[in-house]
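Me: I'm new to looking at protein models. Could you walk me through how to read one?

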Amino acid sequence: RSEPPDIDLDVSSVRRDELLQWTVRRWGAAYVSEVAVYQSFQRRAAFRDGLRALGMPVAAVERFAASLPDDELPVAAPIETLPEPYRRRVPLLERLIDRPRNLSTHPAGVVMSGAPLRDWTPLVRAPKGSLVTELDAAALERLFALKIDLLGSHGIATLEEVSAWTGVSSFTSPTDDAMTLARIDRAETVGCTQLESPLVRSVLEALPIRGVSDV
């Protein structure tokens, strides 16, 4: 490879912070930090913040924001429901979409360095106390920094909890359970890892799901 490897490690979500703290102790606080992510305006946030800035009453802003289709769905916003003074400002509000909104912490990313991080990246301290780079994953990749994704998986945490309650240490999932496949076919998948986002559920509703290969 011409670039550093992409390392992802799935761990129980309830122990992810524990693993991060161990990593910092093992290699030193000067050499390990979490990774920043720049939250950008999506459509709902752009309209909500923009309409408030233009003076629209908060209750009216929230009613309009609630009427917007999910950001992941390619459905037009109901602009016609806005009062005329604000409807004319829609092109201005739409310019906010995809612009940076605030600095946050990547849900999984950890960067490690052979040299002290403060020598080559600005750092900020997150509310929970950990250090976070002000460079996002794309910038770190261009610097050939070693980034590891310690992914907190709710699925692993659930299996561990079930294992503790039942005493069963390993599980095999049937791939032909008719009731499960029928619920997936109906997009009744809220709470199911990888299948619960509005976009994925809209695809499930559109496709016939007859077996695990369809999923």
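Reply: Let's start with exposure: buried means under 20% relative accessible area, exposed over 50%, and partly exposed in between (1.4 Å probe, protein chains only). Arginine 15, with a relative accessible area of 45%, is therefore partly exposed. Before we go on, this is a predicted model, where local features need pLDDT of at least 70, side-chain atom pairs count only at pLDDT 80 or more, and totals for chains, interfaces and linings use all residues. Residues are numbered from 1 along each chain as its sequence is written, and side-chain values use heavy atoms, leaving out hydrogens and water.

Me: Which residue forms a salt bridge with arginine 15?

Reply: The general idea first: side chains of opposite charge can pair when their charged atoms come close. A salt bridge here is a side-chain nitrogen of Lys or Arg within 4 Å of a carboxyl oxygen of Asp or Glu. Arginine 15 pairs with glutamate 18, their closest N and O atoms being 2.9 Å apart. Glutamate 18 has a relative accessible area of 41%, so this residue is partly exposed too.

Me: How many salt bridges does the structure hold?

Reply: There are 13. In one of them, glutamate 188 meets arginine 186, with 2.9 Å between the closest N and O atoms.

Me: Is glutamate 188 exposed or partly exposed? And what about arginine 186?

Reply: Glutamate 188 is partly exposed, because its relative accessible area is 37%. Arginine 186 also counts as partly exposed, at 46% relative accessibility.
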